[in-house]
Amino acid sequence: MLVNVDCRWNLAIRRMRTYYEAQGCEVDMRDLGYGFYPHSKSCVIDAAGYELVAVSNIFETNAYRVEVVNCENVVYGGVGSRDGTRMLPPEIEACEPWYGPEEDTAHGFITRGCIRNCYFCKVPKHEGALRPYRSVEEVVGGFKKAVFMDNNILAWGGAEDAMDWLAEHRISCEFNQGLDIRLVTESNLERLAALNYRGEYAFALDDARMIPFVEKRLGLVKRYIPKPWKLKFFVYVGPKMAPEETVRRVEFLKEHECLPYVMRDIAVYRAGNDLSNFYTDLAAWCNQPGLFKKMDFGEFLDKRHPRNQRRGGCRSRSGTATRSDARRAGARRRGCLKTSTGMAFAANASSDEEKED
Ligand code: SF4
């Protein structure tokens, strides 16, 4: 039995299925669909009759949420598992991933690793330096659609050739882990723009200090990809970050008709204070493109927390009021928030946390 705990598309599990089926084994594959943020889900799997159970997860929050009973041969793997260093044996690593008959999209990596060492990221530790892994042709196989999960494809010398191949074969594709805006050039942007691209081109804006640089690069990117809202930026939120700085990033993106995707560090989520509630609201607004494009944060809060509408002066505001909300949240966290608006904000933010998508 192969158990994928929390990965949208688990390459290791898929390779294992190919391998064991080729050995003549009957394989049962289960997707538990657990998420990243702490939750109360857990399960006990009765594996009586199975010779082997492999459990794979990528988020540490889920490392101990699956218990397997009645089987003596249970292995746990994946970067967030109780044994995060476990690697696939070479004979399994060499296998192609298994696809179900209804699946129409290839998934995989052309490269592994990364050239950077961002302090919040596990890739440098688990994958090491950037290196080629599979050819683009191998990943795509016979499919017409492909999702590439490369960590930093633009840092690889073969990226332009790979994109030329994808364009030539009219593969509908995306690089879903994001593109490094520090590495865009006229040459790779021309190729990115020529792709039959699925969804938005994703970049990252992980620090407000990068805004001036990103603004300059955006000018270049938009020369090739001018369509409004066709660019998305991951917005990492760490526990030591000032909320005003996060809001400044979000505001900057909205002004430039780029979508944010707010990714809260687990420590931010776990804090359970006004600030983490504020970020829950902010993420719920930012991470739903239809709502983010259509309304400002104040309107969004009105809809999300209608019961608290009368409480404060922050109910009917322009989008720029989000920064003052953040300031109030920060102030409240420091124990010095006394304004009625801030109280309204705090009450709003804490009442419906489970609404986030
Ligand atoms: S660039 Fe992306 S993949 Fe590379 S270390 Fe930073 S966050 Fe991780």
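**Entry 1. Contacts and overall content**

I looked up contacts between residues at least 6 apart in sequence, and 69% of those in the protein join residues at least 24 apart. Two residues are in contact if their C-beta atoms, placed from the backbone, lie within 7 Å. I note that this is a predicted model, in which local features need pLDDT of at least 70, side-chain atom pairs count only at pLDDT 80 or more, and totals for chains, interfaces and linings use all residues. Residues are numbered from 1 along each chain as its sequence is written.

I found 14 helices and 15 strands in the secondary structure of the protein. Helices (H or I, at least four residues) and strands (E, at least two) are DSSP runs, numbered from the N terminus. Of the 357 residues, 34% count as buried. A residue is buried if 20 or more other C-beta atoms lie within 10 Å of its own, exposed if 12 or fewer, and partly exposed in between, with C-beta atoms placed from the backbone.

**Entry 2. Helices α5 and α6**

I examined helix α5 (residues 159–168) against α6 and read an angle of about 25 degrees, with the axes 9 Å apart. Axes are lines fitted to C-alpha atoms, for helices over the stretch in contact, and angles run from 0 to 180 degrees between N-to-C directions. α5 and α6 are therefore roughly parallel to each other. Angles under 35 degrees count as roughly parallel, over 145 as roughly antiparallel, 65 to 115 as roughly perpendicular and the rest as oblique.

α5 passes α6 in a left-handed crossing. The term left-handed applies if the near helix is turned anticlockwise from the far one by less than a right angle, and right-handed if clockwise. On the α5 side the contact is made by Ala159, Glu160, Met163, Asp164 and Ala167, and on the α6 side by Ser187, Asn188, Arg191, Leu192 and Ala194. By class, these residues divide into 5 nonpolar, 2 polar and 3 charged. Ala, Val, Leu, Ile, Met, Phe, Trp, Tyr, Cys and Pro count as nonpolar, Asp, Glu, Lys and Arg as charged, and the others, Gly among them, as polar.

I then looked up Ala159, which lies in helix α5. Ala159 counts as buried because it has 23 C-beta neighbours inside 10 Å. Leaving aside neighbours within four places in sequence, Ala159 is in contact with Ile153, Leu154 and Asn188. Ala159 and Leu192 are 33 residues apart in sequence, and their C-alpha atoms are 10.0 Å apart in space.

**Entry 3. Helices α6 and α7**

I read that the axes of α6 (residues 186–194) and α7 (residues 211–224) come within 9 Å and cross at roughly 45 degrees. That angle makes α6 oblique to α7. The crossing of α6 past α7 is right-handed. Leu189, Glu190, Leu192 and Ala193 of α6 make the contact with Leu220, Val221 and Tyr224 of α7. I recorded 6 nonpolar, no polar and 1 charged residue in the contact of α6 with α7.

**Entry 4. Helices α10 and α12**

I found α10 (residues 274–286) and α12 (residues 297–304) packed at an angle of about 105 degrees, with their axes 10 Å apart. That makes α10 roughly perpendicular to α12. Asp281, Ala284 and Trp285 in α10 meet Phe297, Phe300, Leu301 and Arg304 in α12. The contact of α10 with α12 has 5 nonpolar, no polar and 2 charged residues.
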